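Please have the sequence and the model at hand while reading.

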Amino acid sequence: MRRAYNAFTKKQTGSEINGGRKRNSSNPTSPTGGLVDEISGTAILFGQGEDITKGREPRIPVRLLENISEQDYFQVRCIIGLVSHIHLEEKYAYINLKSTKGLNIKIHFNENFIVNNRVQFELFPYIKDYAKSKKEVKSEVVCCCVGEVKKTEKGIDVRPDRYSAFSLDNKKLYAILHEVSNLFK
């Protein structure tokens, strides 16, 4: 998510952001000079797919929200865009993202997310306060989220499975909590 955020803030374009590095697939090496294990398996959310027994898991493709296509549906993607609105309810939450193409794209924290992240979900009012404080100083909030992309009747949902799978302005939930709590001291 950090790589996606840095690329987004540098205004790189394209459907997949690679962080500006070229990879040599014929002889991949680690920074320490050793060979890197080959990629095996597919990008999945935890607890949903095959076990990686050899090698390493593949990179999760990054998509600017404007570049989400039908090929991304039912796939795990890292989606990045600007926040337009945060909606909190007792049993779910949404972070709506701005679209220049008129798409309705939201990060959907559904019942499954809440069951597995109850303590963190109780802290979500702080993310709403964070976004509100940024809006008051006319600053955009960048949301980055890793989750499964789903097509719905109303648009596109990205459904993370854990609280650490999203960030606002490259800050995770507890960093936002710390920053917002310092605003009110």
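## Overall make-up

The model is predicted. Its chain contains five helices and seven strands. Read from the N terminus, the order of elements is α-β-β-β-β-α-α-α-β-β-β-α.

Of the 185 residues, 38% count as buried. Among contacts in the chain with a separation of 6 or more, 58% are between residues 24 or more positions apart.

## Packing of H4 and H5

Helix H4 spans residues 124-136 and helix H5 spans residues 173-183. The two pack at an angle of about 60 degrees, and their axes are 9 Å apart. H4 and H5 are therefore oblique to each other. The crossing of H4 past H5 is left-handed.

On the H4 side, the contact is made by Phe124, Tyr126, Ile127, Asp129, Tyr130, Ser133 and Lys134. On the H5 side, Leu173, Ile176, Leu177, Glu179, Val180 and Leu183 take part. Sorted by class, this contact of H4 with H5 has nine nonpolar residues, one polar residue and three charged residues.

## The buried face of H5

Which residues of H5 are buried? They are Leu173, Ile176, Leu177 and Val180. Viewed down the axis of H5, these buried residues fall within an arc of 100 degrees, so they line one face of the helix.

The cover over the buried residues of H5 includes H4. Helix H3 (118-121) and strand S7 (166-168) are also part of that cover.

Conventions. Residues are numbered from 1 along each chain as its sequence is written. This is a predicted model: local features need pLDDT of at least 70, side-chain atom pairs count only at pLDDT 80 or more; totals for chains, interfaces and linings use all residues. Side-chain values use heavy atoms; hydrogens and water are left out. Axes are lines fitted to C-alpha atoms, for helices over the stretch in contact, and angles run from 0 to 180 degrees between N-to-C directions. Helices (H or I, at least four residues) and strands (E, at least two) are DSSP runs, numbered from the N terminus. Angles under 35 degrees count as roughly parallel, over 145 as roughly antiparallel, 65 to 115 as roughly perpendicular and the rest as oblique. A crossing is left-handed if the near helix is turned anticlockwise from the far one by less than a right angle, and right-handed if clockwise. Contact means heavy atoms within 4.5 Å. Ala, Val, Leu, Ile, Met, Phe, Trp, Tyr, Cys and Pro count as nonpolar, Asp, Glu, Lys and Arg as charged, and the others, Gly among them, as polar. Buried means under 20% relative accessible area, exposed over 50%, partly exposed in between (1.4 Å probe, protein chains only). The arc is that of the directions from the helix axis to the C-beta atoms.
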